[in-house]
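Good morning, and thank you for making time for this presentation. I would ask you to keep the sequence and the structure in view while I speak.

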Amino acid sequence: MALNSAEVRVKQLDKIRLFRLFGQDILNELAKVAVLRRIPKNKIVTHLGDIPSYIYYIIQGKIRLSAPLSDGREFIFSDLGPGDTFDLTRLFITRRSSMNAASVVDSDLMQIEVAFMARVFDKHPDLALKVIPYLCEATHDAQERVIHSAASALSTRLASTLLRLTERPNSMATVDRAGSIHISQTDLAAMVPASRAKVNRCLREWERRHLTQYDHGSLTILNRAALESVALGEIAFDRSMMHIPRARASLWQGRQ
């Protein structure tokens, strides 16, 4: 990789909100041991069950965090991109990874040994007071996402996923100038997670009610306000998908 120098590594580290808390002197220390790696497409960086030896920062590319389900499907927890970090919990605890981390495209990562980070904390114990709130915030965000996913109906999860993709496309989906999301139903099902058949039934019902239109891998949101209400759980829209609270009926007027 070009420009693999301590100066470049310091600049990359300084882009990470976590490491900016450390101060310039410690960044210089980290830059001496940080390693830039090119990870080819479809390469697993961290396997489920591993005890990772490194923490990682994504310079460019895309890393997918996922876990296999008992029925053989894959639950895609998150797609991470440039500026994101992962395996940060290894800074304080030794625990086997609960997910696979794999490159979706050719990706450039910066890795730092956990053992070196432990020595940094031993040498600068005050850093823990700065880092722990950062990790707690990240953990809280992840817990909220999992709880929302587990407690929500399929239609709510699917609507939330589609709205999120329009704001932050990832490697599984692209959004064109017209606002259409280009994604397969198989990938949508993996992100929710649910079976492809259930996602297909939900999309067909949404199309009948003029919320969305799906055609050959391209999904267009026709009524964003109504879809936002589904995402918030304000409209019961699962299984029969026929119950619409009277107070929200105006969302559908002119669409029937």
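Let me begin with a convention: an angle between axes of over 145 degrees counts as roughly antiparallel, whereas one under 35 degrees counts as roughly parallel. Angles of 65 to 115 degrees count as roughly perpendicular, and the rest as oblique. What we have on the screen is a predicted model.

With that convention in hand, consider helix H3, residues 24-33, and helix H4, residues 114-123. Their axes cross at roughly 160 degrees and come within 11 Å. H3 and H4 are therefore roughly antiparallel to each other, the angle being over 145 degrees. The crossing of this pair is right-handed. On the H3 side, the residues that meet H4 are Ile 26, Glu 29, Leu 30 and Val 33. Their counterparts in H4 are Phe 116, Met 117, Val 120 and Lys 123.

Which residues of H3 are buried? They are Ile 26, Leu 27, Leu 30 and Ala 31. Viewed down the axis of H3, these buried residues fall within an arc of 145 degrees, so they line one face of the helix. Asp 25 and Lys 32 are exposed, and they sit on the face of H3 turned away from that buried side.

H4 can be described in similar terms. Its buried residues are Val 114, Phe 116, Met 117, Val 120 and Phe 121. Around the axis they cover an arc of only 155 degrees, which puts them on the same side of H4. The face turned away from the buried side carries Arg 119, Asp 122 and Lys 123, which are exposed.

From H1, the residues involved are Ala 6, Arg 9, Val 10, Leu 13 and Asp 14. From H3, they are Gln 24, Leu 27, Asn 28, Leu 30, Ala 31 and Lys 32.

I turn now to another helix pair, H6, residues 154-167, and H9, residues 224-231. Here the packing angle is about 125 degrees, and the axes are 7 Å apart. That makes H6 oblique to H9. Is the crossing of H6 and H9 left-handed or right-handed? It is left-handed. H6 contributes Ser 155, Thr 156, Ala 159, Ser 160, Leu 162, Leu 163, Thr 166 and Glu 167. H9 contributes Arg 224, Leu 227, Glu 228, Val 230 and Ala 231.

Within this pair, Thr 156 of H6 deserves a brief comment. Thr 156 is buried, with a relative accessible area of 9%. Between Thr 156 and Glu 228 there are 9.0 Å from C-alpha to C-alpha, although the two are 72 residues apart in sequence.

Most residues other than glycine have a negative phi. Asn 42, which is not a glycine, has a positive phi of about 70 degrees. Asn 42 lies in the loop between strands E1 (35-39) and E2 (44-46), and it is exposed, at a relative accessible area of 60%. His 216 likewise has a positive phi, of about 50 degrees, without being a glycine. His 216 is placed in the loop between strands E11 (212-215) and E12 (218-221), and its relative accessibility of 78% counts as exposed.

Finally, some overall figures. The protein chain has nine helices and 12 strands. Of its 256 residues, 45% are buried. Among contacts between residues at least 6 apart in sequence, 68% join residues at least 24 apart.

As to confidence, the mean pLDDT of the chain is 78, and 81% of residues reach 70 or more. Over residues 238-256, however, the pLDDT is below 50. That stretch has 32 contacts in the model beyond near neighbours in sequence.

Conventions
Residues numbered from 1 in each chain as written. Predicted model: local features only at pLDDT ≥ 70, side-chain atom pairs only at ≥ 80, totals over all residues. Heavy atoms only, no water. pLDDT = per-residue confidence, 0-100. Contact = heavy atoms within 4.5 Å. Buried < 20%, exposed > 50% of the residue type's maximum accessible area, 1.4 Å probe, protein only. Helix = DSSP H or I, 4+ residues; strand = E, 2+ residues; numbered from the N terminus. Arc of directions from axis to C-beta. Axes fitted to C-alpha atoms, helices over the stretch in contact; angles between N-to-C directions. Left-handed = near helix turned anticlockwise from the far one by under 90°.
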